[in-house]
Amino acid sequence: MKESEHYKGREHSGIKHFLLESYLERLFMIIGQYERRICYIDCFSGPWKETDKNLAGTSIVLSLKVMQKCRDSLRKLGNSVGFRALFVEKDKQAYKKLDTYLKKIQLDGITTEAINGEFHSLRSEILSWCGPRDFAFFFIDPKGWKNTIEVPILTPLLQRQRSEYLINFMYDFLNRALIQEPFQEDMKAIFSKAPDTSGMSPKEREKHLIQLYRDSLKSIPAKNNDRLRSAYVSVLDSVKDRTKYHLVYLTRHPLGIVKFMDASEKMEIVQKQVRAETKQKRRIEATGQKELFPAEADTVTSEDAIDIEVVKDYWLDRLSESPQIFQAEDLADMLEETNWFESDLQQAFKDLSDEGKVINLDARNKRPMKPVHFDKRERLQRIQP
Ligand SMILES: C[S@@+](CC[C@H](N)C(=O)[O-])C[C@H]1O[C@@H](n2cnc3c(N)ncnc32)[C@H](O)[C@@H]1O
């Protein structure tokens, strides 16, 4: 069976898994350079809508594959890292499949455990399982919002140091409940206040709500000065031009934001291709007519397209006429604030540099793809007109 066949009819899950896989790989390879143990916790693991008895096409199998791959790569670099994976599942039948699968596999250097129960009742148990010291990544991918992604529910996990989180914010689902009276208390628990979206267009409302949720997560009382940073990427419906969910990422490390946005950019390229192919398949199924040409990657709608002039203005606002050092922390701030990709910022800086409006004082040669090396603490400056 081809990998894509496991996602037939739920192509958006394939996109989510692409992001999870590519980010986890980057993360484990970085953390594994200096940690002896890494914990991975899938708080709503499934299996769910799986089509294969070996659970292919599920986050369970995918995460374990990434752990095996990174374990091997890290060993080659001389780092012996032990992975611990915990899977939490409420549904008895799904748990049975999960437990049977985990008992069947033996993975060198990776220990696995499954718990049957409700996430919110198991939060203390999950935190004890992690222990106080090891790095932990929490994948929070429920079906709804009640007792799952609400800020008071997540707070104990979010207060844990040395942790990162990927949360599925089911926008499509939530948007439909937003103004319904029975859900107003839930909305307050998610957004820390009742959202007021009156007068907003659907796009403005979506932007406002995702920002509100991120701000609400970041506002939890911190145990020390390490503030939470966040970024997100949108997974679209496989055929309709609307958001299915946003994957919200949280970290305390600037490099985390940079790597997550890098993985998100790759995901968007794949998403465009998968959506185009899915739409083409649906057309063929509906009409019975084969099409002459392969599907071409979907282009974003004009509403979503990034205006490079806006990115250039943003740069000009950030720069001053005296040299300023730019480093990973600045890049993370910019990505976090705008949700653009690094390539957008690089392109805009290049255009401004070609127009003689900015200069990188530490770039000896022209670097068309990457005019700014944020990891090298380069000095950037706006040029007086
Ligand atoms: C969206 S599915 C998970 C999909 C999986 N993460 C993946 O990507 O393959 C959500 C899962 O969470 C389980 N679930 C729902 N509510 C739960 C709860 N309160 N605690 C634990 N598991 C729950 C469901 O039974 C379902 O299997």
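Modeller: The model is predicted, with local features needing pLDDT of at least 70, side-chain atom pairs counting only at pLDDT 80 or more, and totals for chains, interfaces and linings using all residues. Residues are numbered from 1 along each chain as its sequence is written, and side-chain values use heavy atoms, with hydrogens and water left out.

Colleague: What is a cavity, as against a pocket?

Modeller: On a 1 Å grid over the protein atoms alone, a cavity is a set of points where a 1.4 Å probe fits but cannot get out; a pocket is an open set with protein on both sides within 12 Å along at least five of seven lines; lining residues have an atom within 4 Å of a point. Here the largest cavity holds about 40 Å³ of space. Its lining is Glu11, His12, Ile15, Leu236, Ser238, Gln271, Val274 and Arg275. Helix 1 and helix 9 (254-287) each supply at least two of the lining residues.

Colleague: How many residues line the second largest pocket, and which lie nearest its centre?

Modeller: There are 39, with Trp48, Asp141, Pro142, Lys143 and Gly144 nearest the centre. The second largest pocket has about 880 Å³ of space. Helix 1 gives the most to its lining, with four residues.

Colleague: Which classes make up that lining?

Modeller: Ala, Val, Leu, Ile, Met, Phe, Trp, Tyr, Cys and Pro count as nonpolar, Asp, Glu, Lys and Arg as charged, and the others, Gly among them, as polar. The lining of the second largest pocket has 11 nonpolar, 15 polar and 13 charged residues.

Colleague: At what angle do helix 9 and helix 11 cross?

Modeller: Axes are lines fitted to C-alpha atoms, for helices over the stretch in contact, and angles run from 0 to 180 degrees between N-to-C directions. The axes of helix 9 and helix 11 cross at roughly 55° and come within 8 Å. That makes helix 9 oblique to helix 11 (under 35 degrees is roughly parallel, over 145 roughly antiparallel, 65 to 115 roughly perpendicular, the rest oblique). Contact means heavy atoms within 4.5 Å. Helix 9 contributes Pro254, Ile257, Val258 and Met261, and helix 11 contributes Ala328, Glu329, Leu331, Ala332, Leu335 and Glu336. By class, this contact has eight nonpolar, no polar and two charged residues.

Colleague: How do helix 10 and helix 11 pack?

Modeller: Helix 10 (residues 308-318) and helix 11 (residues 328-338) pack at about 135°, their axes 13 Å apart. Helix 10 is therefore oblique to helix 11. Tyr314, Trp315 and Arg318 in helix 10 meet Asp330, Asp333, Met334, Glu337 and Thr338 in helix 11.

Terms used
Points joined across faces, edges and corners; volume = space filled by probe spheres on them.
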